[in-house]
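Reader: I am new to this one. Can you take me through it in short steps?

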Amino acid sequence: MTNLDEPALQFRNVDYSVNGVSILHDITGSFPKGTITTLVGPSGSGKSTLLKLCNSLLTPTSGDIYIDAKHISTYDPIALRRHVGIALQSAPMVKGTVFQNLALPFELQGKELAEQDAFEILEDVGLKSDVLHRKTSDLSGGQQQKVSIARTLLNRSEILLLDEITSALDRNSLHEIEQLIVNINRKYDSTIVWITHNLEQAISIGHFTWVLIDGKLIETGDSDLLKSPTHALVKQFVQGDHR
């Protein structure tokens, strides 16, 4: 069950810099377990960088990150990335069939993916079983994105990081993916952190929202904050070009 007082992910005074250039500055906040939090903000505000810090694809310059109340540095990297899965906008596929793509994480761990498990995960993401042995190159963009999410879900990740996974999709595919993520959150009680440039999506899908501008966490709260933001910078962002 969702416990708003129990964070799945917590940032404490996190900074991230590259070659002396500050990308994120003094980020402090948490993502409650079992909820969907959307990350919004102008391009270049540090959203993707923040997401990559959540599973140690990047390491903070200073500050601390906690996963389920344990410091992120105490996790084995492979175990961490099974616990904190990530799906990207590009939905990268290897050449071959859907099954080969789904099985790839297992092969990297020296394991085999059972075909029945593959069928079940396809059902979870709303794909029919007959796509399992089709080439991924023959799939639509929406279908490829579902395969990418299925591949992430096979690790049974308790935390899912989503980086603009619907931005390149047509309207029908977008709504299918949105419903899929809502269903995953409800079925598995997953904690989901979702970067989106679509403010309507952020309001309708997210329980909570973080607004990042120029590498700073400007405002957080229920996603309805985007309807009536209190901070002047957030007002300007919402009323302007928010891509």
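**Fold, rings and cores**

Author: The protein has eight helices and 10 strands. The model is a predicted one.

Reader: What is the radius of gyration of the protein, next to what the globule rule gives?
Author: The globule rule gives 18 Å for 243 residues. The protein comes close to that, so it is as compact as a globular protein of that length. Its radius of gyration is 18 Å.

Reader: How much of the protein is made up of buried residues?
Author: A residue counts as buried under 20% relative accessible area. The chain has 243 residues. The buried part of them is 47%.

Reader: How are the rings of F11 and F31 arranged?
Author: Ring centres must lie within 6.5 Å to pair, and planes over 60 degrees apart count as edge-to-face. By this rule there are three aromatic pairs. The F11 and F31 centres are 6.3 Å apart and the planes stand at 80 degrees, so this pair is edge-to-face.

Reader: Which strands does that pair link?
Author: F11 and F31 are 20 residues apart, in distant parts of the chain. F11 belongs to residues 3-18 and F31 to residues 21-33. The strands are β1 for F11 and β2 for F31.

Reader: Is F31 buried or exposed?
Author: The cut-off for buried is under 20% relative accessible area. F31 has 0% relative accessibility. Therefore F31 counts as buried.

Reader: How do F31 and W210 pair, stacked or edge-to-face?
Author: Planes under 30 degrees apart count as stacked. Here the angle is 20 degrees, with 4.1 Å centre to centre. The F31 and W210 pair is stacked.

Reader: How many residues apart in sequence are the parts that F31 and W210 tie together?
Author: F31 lies in strand β2. W210 lies in strand β9, residues 208-213. So the pair ties together parts whose separation in sequence is 179 residues.

Reader: Which residues do ring pairs link into a cluster?
Author: F31 pairs with F11. F31 also pairs with W210. The cluster is F11, F31 and W210.

Reader: How many residues does the largest nonpolar core have?
Author: Those with the most contacts inside it include L102, L113 and L162. Among the elements that give two or more residues to it are α3, α6 and β8. The core has 33 residues.

Reader: Which ring does the charged end of K70 sit over?
Author: A charge over a ring must be within 6 Å of the ring centre. The charged end of K70 is 4.6 Å from the centre. The ring is that of Y75.

Notes
Residues are numbered from 1 along each chain as its sequence is written. This is a predicted model: local features need pLDDT of at least 70, side-chain atom pairs count only at pLDDT 80 or more; totals for chains, interfaces and linings use all residues. Side-chain values use heavy atoms; hydrogens and water are left out. Rings of Phe, Tyr and Trp (its six-membered ring) pair if their centres lie within 6.5 Å; planes under 30 degrees apart count as stacked, over 60 as edge-to-face and the rest as tilted. Helices (H or I, at least four residues) and strands (E, at least two) are DSSP runs, numbered from the N terminus. Buried means under 20% relative accessible area, exposed over 50%, partly exposed in between (1.4 Å probe, protein chains only). A charge sits over a ring if NZ of Lys or CZ of Arg is within 6 Å of the ring centre and within 35 degrees of the ring normal. A nonpolar core is a set of buried Ala, Val, Leu, Ile, Met, Phe, Trp, Tyr and Cys residues joined through side-chain atoms within 4.5 Å. The radius of gyration is taken over C-alpha atoms; the globule rule is 2.2 Å times the number of residues to the power 0.38.
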